[in-house]
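Good morning, and thank you for coming. Please look at the structure with me while I describe a few of its features.

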Amino acid sequence: MSFSNDTETAVLNYIFKDIAPAYAGQANFWIALHTADPGEAGTAVTSEAAYGSYARVSVTRSTGFTVSGNTVSNTALVQFPQSSSGGSAITHATVVTTSSGAGTIIG
């Protein structure tokens, strides 16, 4: 997973200036689907999927991820709602800070 530009800046600010990122106390992150690469400068809505019934899926930060060395992975299957209309060719998934809207892409 590649970190977004916003996340890279947040980590540098936290390490060198002791400024915690705005999402530091959040209990959840969300997984978003995209129809194209949102890029390191994109937001959660950049190329986001838009099929019927689509919604970002919440993952609890304390139990939903495993970190091993320099790798992070989800601890359980992340399942999205089945399309009720339309379709999207999904090419990318991101971890984001909001359940909807232009939240920050973590990676």
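How do strand S1 and S2 pair, and over how many bridges? Strand S1, residues 28–34, and S2 pair in the antiparallel sense over four bridges. Two strands count as paired if DSSP finds at least two bridges between them. Helices (H or I, at least four residues) and strands (E, at least two) are DSSP runs, numbered from the N terminus. Within this pairing, Trp-30 stands opposite Ser-58 in S2.

A word on the source: this is a predicted model, in which local features need pLDDT of at least 70 and side-chain atom pairs count only at pLDDT 80 or more, while totals for chains, interfaces and linings use all residues. Residues are numbered from 1 along each chain as its sequence is written, and side-chain values use heavy atoms, with hydrogens and water left out.

The open sheet has three strands in the order S2-S1-S5, with antiparallel pairing. Strands S2 (57–60) and S5 (92–96) are at the edges with a single partner strand each, so one side of each has no neighbour in the sheet.

Let us turn to the helix. H1 covers residues 5–17, and its 13 residues should span 18 Å at 1.5 Å a residue; the expected span is 1.5 Å times one less than the number of residues. The end C-alpha atoms of H1 are 17 Å apart, which agrees. Just after H1, Asp-18 takes a positive phi of about 55°.

Finally, Glu-48 forms a salt bridge with Arg-56 (a side-chain nitrogen of Lys or Arg within 4 Å of a carboxyl oxygen of Asp or Glu). Their closest N and O atoms are 2.8 Å apart.
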